[in-house]
Amino acid sequence: MDTRHQGLTLALILIVGVLTVAPVAMLALGSVSEGLDAFGQFTLAKYASAYTDPGLWQVLGNTAVFVVGSTLLATALALVLAYLNTRTDIPFKFLFGVLAIVPMMIPHVLFSVSWALLANPSNGLMNLALMQVFGLEQGPFNIYSMPGMILVEGLLNMPVAYLIIAPAMASFDVSLEESSRVFGAGTWRTLVRITLPVLRPAILAAFVLGVVRALASYAVPRVLGMPGQVDVLATYLYEMISVGFAPDYGKAAALGMSALALAVVLIWLYRRLTGEGSRFVTISSRGWRPAVVPLGRWRLPLFALVALLSFVVIVLPVAVLLYTSFVPYAMVPGSEAFAQMSLKHWHEVLHDATSLLALRNSLFLAVVGATLGVLLSLFVAYVIVKLRTRGAALLETLTYLSFSFPGIVIGIGFMWFFVQTPLYATVTALLIGYVATYLPYGVRPLASAFVQVHDHLEESSLVCGASHLTTLRRVIAPLLVPGIVSAWILMATMFLRELTLSVVLSRPGSEVLAVQVLSFADDGLWGQLSALGILMIAISTLLVVGAHLLGRRFGARAG
Amino acid sequence: MSTLDRRTLLQLAGAAGLASVLSPAQGAEADLAAARAEGKAVFYANITAVKPIMEAFGKDTGVQGEYTRISSSKFVSTVATEARAGKLLADVVQAPLPVLELLKANGVLAPYRSPAAADYPEWTRPDDTIQLFGIEYVSYLYNTKQVAAADAPKKYEDLADAKWKGRIVMADPATHSSTISWLVGLKEKVFASEGEWTNFVKALAANQPMFVASFGPTPAPIESGEKAIAISMPKYIVTKAPAPLAWGPRGGGQPLLGTPRAMALTAKAPHPAAARAFMDYWLSKKAAGMLAKDVGEYVAAPGVYPPVEGMDQVKVLAIRDLGDAEIQKWGAEFKRIFKG
């Protein structure tokens, strides 16, 4: 094995290790220590207490259904949308770009609240409309239920899956499908037997990320699960650390170790299933651009389906947000509500010094954090996929370390860590925490993009005298542009609305948007919250458009 | 001790260095000058919507007030962690009384008696360190467009009426400390016997209330008409105006109950003079008036009431200080009753 490769792997293990191990180590220590929240005499009492609660098994059952259900929904929707967008002649393709991005920008609490307004059993707008139209006695939807939670979480996670699958789909080698057709297979058979298996790394990457994401999700279980009394791990942990005034985070960390173990198993499984990397290589030489599959008579019905999905995922919640930002309090739409509409909430938000500072800080964290995160992810993905050195598995596991810990707890781990350093209570601490926690959002799309680039391209460049760096810059990177753009967008939009770490680490001067949103939510100020939410969506949109334009320019010039 | 004596003593105790041998007025002036020199006072709190007071403090004193909101569940671990690392940024802390008692036991707080609270009632001074300034008062709210005043519950027992089945929203009684304390408070201060109280709690549970995480999300389902009644805080009538909200109980002379809101200085405050200036300001008639008028808080300053119709007529009582073990115990009990 090339010692330079080992050196790079070791350096990355060190960097990622420092970023991710520290807070998790603090939590692990807290889980086996006596005392208020961490560090004392050794004990296993917290494990015993956490794992012997008779209610835990039902919670774990609910969690499994919620996580698997929402991830399957997100991945399936993303797959269909990515296929339609990248491989077919479906009209109005811009819709897909919007569909893929907008739900990521809406703070999850707001998205969940929007759905509660739309589909609560008492007076949800969709229920009221259907009762009126069909003369029903009661509304058919109850969003405060497991199916409701799966639907909303699935819709929220769909863009992440899309951003991982679509670039892989876009760089698909058409000759594989053409060969299939030459041998007599139809479009459906080719899709199932050729297209999907080749896309396995991207699909699995999306699925693994979705599982870990749903496992850590708190907003949907809190807003929709709590009223429906459907407890999942996140709300169970919240309960554990919110009863009383001196909560034992060590006990929550003890339970969090299971989530960590699950994430490690998932990564192991993922690596096994994508072990034979060469089977998934599709970009090996010129002429790899995919051909467009004509949809024929399905063109319009499928477009109608996408339009309906866009309406449900984007138009409805954003419309609810806009509406809420104009009305003085939570009102069912009607003549009275429209008569009372004003710009009061907007005025308050735009003249609030803390909100404006939070906007600046979050923008900085999104742009700088995502750029640093993608840079680090690029090297990590290269080592994991291309070099596959002895330490690659460890490196991959490390990237998931703090991400796979329950979000409610990991922030405390970071606080315990940062308070020992001069970085405490600074925007830099948030920046490091963000990159460390959300590294999988950069590594996954880039890894699935790397998987499809054949080693021959790199070897040819090296044989022709180019250095490793030149090869990466001139040959590999241009082919990875869709993956890089996806990873940047994922990270930037994530950082713009990050809450879990921020709520613990944010102090005067380092306020961020999500904390401000939470503050409005705690006060029940839905109007200000919605106005700030719309601003967040607008800024995210600008970031995404900018990233796309830059990606296109760079890709074109490089190509 | 006469009022004059106490005031003088308190002012002397609160002043630092040279100020302690000056007259009260001179001492206060010297203190304010020292506070201005320090520039800012950092305030960790879990109270909501206090921006107007922070701004007024800056305007009136020339000292900047910096506010960080920390939820009750993270308060002790955050402050204790910072203090242990020698990096506690807060000059003044505000939280429910049990939280500050825990911090005091950990040596994080400093004794201080603010002259501004000299005429506050005796119950607001549980010791030499912690100052109570109000009560997080709880009652129920209803939508005046959905429920006529004549049909609204008149006393707590009415919440158990089966006609409200599926129409109540409340913070989760298994996890929300303030709601747990409120239910226990009803047993100790309102109901005549434990049996009556138990029947009430069971009947309330049988009405299958919808649960949310805390008081914050309770008014929205009432404003929009999704539910009819919220077990919540009457202060939302002020902060959510013009939402059609009204409160109860209005019958039988039943009191309103709530957790005391407490504050204290930190032992190693980075800005000690600014910290005292901030606490004095917060407890002053002006700030207490703003808390009541703008935020709807029930404050301890004598004669100051929130602009909630009838609130000056009702008795508002502080709930007994429930420790962690008791909260855990009752949380588990209410989980059994309300969630089966």
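Biologist: What makes Leu273(A) part of helix 13 of chain A?

Modeller: Leu273(A) belongs to helix 13, which spans residues 249-273 of chain A; helices are DSSP runs (H or I, at least four residues), numbered from the N terminus. The model is predicted: local features need pLDDT of at least 70, side-chain atom pairs count only at pLDDT 80 or more, and totals for chains, interfaces and linings use all residues. Residues are numbered from 1 along each chain as its sequence is written, chains are lettered from A in the order in which they are written, and side-chain values use heavy atoms, without hydrogens and water.

Biologist: Why is Leu273(A) called partly exposed?

Modeller: Its relative accessibility is 36%. Buried means under 20% relative accessible area and exposed over 50%, with partly exposed in between (1.4 Å probe, protein chains only), so Leu273(A) counts as partly exposed.

Biologist: How do you know that Glu239(A) forms a salt bridge with Lys335(B)?

Modeller: The closest N and O atoms of Glu239(A) and Lys335(B) are 3.0 Å apart. The rule asks for a side-chain nitrogen of Lys or Arg within 4 Å of a carboxyl oxygen of Asp or Glu, and therefore the pair qualifies. Across the interface of chain B and chain A, four salt bridges are found.

Biologist: What makes up the contact between chain B and chain A?

Modeller: Contact (heavy atoms within 4.5 Å) joins 59 residues of chain B to 51 residues of chain A.

Biologist: How many salt bridges are counted between domain 1 and domain 2 of chain A?

Modeller: The count is zero, although 49 residues of domain 1 of chain A are in contact with 53 residues of domain 2 of chain A.

Conventions:
Helix = DSSP H or I, 4+ residues; strand = E, 2+ residues; numbered from the N terminus.
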